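This report goes through a single protein chain, from its overall make-up to a few selected positions. The sequence and the structure come first.

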Amino acid sequence: SIATGLYPHQNRYWENSLALDGRTPTWMKRARESGSTVAGIGKFHFRNGEDDNGFSEEIAPMHIAEGVGELIGLLRGSGEEPVRGGLWDLYTRRTGVGEPTSYQQYDRVITGHAIDWIRARAGRESDRPWVLAVHYVSAHAPYTVPQDLFDTLADWAQRRGIPGPWMWMGIGHDAPATTAPERLRFDAALV
């Protein structure tokens, strides 16, 4: 919806099993066609880099694995979906204080590319406008934070009277009352 400006029921991309494939008009294409340089860095929910995703350049792109989205997610709520214990572990046991994940390491690469891209344009005179879309992957589990940052957050919370102890919890899009714990799917985590 962010790329197309349309609601999912209008753009027909309403599930993670459906990937943008270059056929749908997007704001990136409109900006590029109007003469802007449109660069994208990082995680895209597109089928691949061969499709016209609307960018003048894609830097360090991560597209949907094998060009196919999460097909198993289509079974959600049908009672036929397989138990995915790895996801439960990903969202519960592997969330909290810990070492940086591969996603966080990739996000640092994305940040470095974004800084370099902007610095390369700093102070340049140009009549041509530009757009830089930076897409991070750490919006996905596992959600970990280094101990020093967690301690900083805990100190901040304590100074504001927010009681501890703090725990990590997921924000799910399946109903815990009707979905077995090993089948729950989450999108975010809070401290």
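**Overall make-up**

The model is predicted. The protein contains 5 helices and 7 strands. Read from the N terminus, its elements follow the order α-α-β-β-α-β-α-β-β-α-β-β. The protein has 191 residues, and 34% of them count as buried. Its accessible surface is about 11900 Å², with carbon and sulfur atoms contributing 56% of that area. Among contacts in the protein with a separation of 6 or more, 58% are made by residues 24 or more positions apart.

**Nonpolar cores**

The largest nonpolar core consists of 10 residues: Ala3, Tyr13, Leu20, Met28, Ala31, Val38, Phe44, Phe46, Phe55 and Ala133. Another core, of 9 residues, lies apart from it and includes Ala39, Ile41, Ile110 and Val137.

Met28 belongs to the largest core. When neighbours within four places in sequence are set aside, Met28 is in contact with Ala3, Val38, Phe46 and Phe55, and also with Asn53 and Gly54.

**The cavity**

How many cavities of 30 Å³ or more does the protein have? The count is 1. The largest cavity holds about 40 Å³ of space. Its lining is made up of Leu20, Gly22, Arg23, Thr24, Thr26, Lys29, Phe46, Asp52 and Asn53. By type, the lining residues are 2 nonpolar, 4 polar and 3 charged. Leu20 and Phe46 are among the lining residues, and both are also listed in the largest nonpolar core.

Asp51 counts as buried because its relative accessibility is 15%, and the limit for buried is under 20%. Not counting residues up to four places away in sequence, Asp51 touches Leu20, Asp21 and Gly22. Of these, Leu20 and Gly22 also line the largest cavity.

Gly49 is in the loop between S1 and S2 as well. With 42% relative accessibility, Gly49 counts as partly exposed. Beyond its neighbours within four places in sequence, Gly49 is in contact with Glu58 and His63.

Thr37 is part of strand S1. Its relative accessibility of 18% is why Thr37 counts as buried. Neighbours within four places aside, the contacts of Thr37 are Ser56, Trp117, Arg128, Pro129, Trp130 and Val131.

Ala60 lies in strand S2 and is partly exposed, with a relative accessible area of 23%. The phi of Ala60 is near 50 degrees, a positive value in a residue that is not glycine. Most residues other than glycine have a negative phi.

**Pairs separated in sequence**

Two of the contacts named above can also be described by C-alpha distance, as the table shows.

| Pair | Separation in sequence | C-alpha to C-alpha distance |
|---|---|---|
| Thr37 and Pro129 | 92 residues | 6.5 Å |
| Gly49 and His63 | 14 residues | 7.3 Å |

Methods. Residues are numbered from 1 along each chain as its sequence is written. This is a predicted model: local features need pLDDT of at least 70, side-chain atom pairs count only at pLDDT 80 or more; totals for chains, interfaces and linings use all residues. Side-chain values use heavy atoms; hydrogens and water are left out. Helices (H or I, at least four residues) and strands (E, at least two) are DSSP runs, numbered from the N terminus. Buried means under 20% relative accessible area, exposed over 50%, partly exposed in between (1.4 Å probe, protein chains only). Contact means heavy atoms within 4.5 Å. Accessible areas come from the Shrake-Rupley method with a 1.4 Å probe; for residues, only the protein chains shown count as cover. On a 1 Å grid over the protein atoms alone, a cavity is a set of points where a 1.4 Å probe fits but cannot get out, and a pocket is an open set with protein on both sides within 12 Å along at least five of seven lines; lining residues have an atom within 4 Å of a point. Grid points are joined across faces, edges and corners, and a volume is the space filled by probe spheres set on the points. Ala, Val, Leu, Ile, Met, Phe, Trp, Tyr, Cys and Pro count as nonpolar, Asp, Glu, Lys and Arg as charged, and the others, Gly among them, as polar. A nonpolar core is a set of buried Ala, Val, Leu, Ile, Met, Phe, Trp, Tyr and Cys residues joined through side-chain atoms within 4.5 Å.
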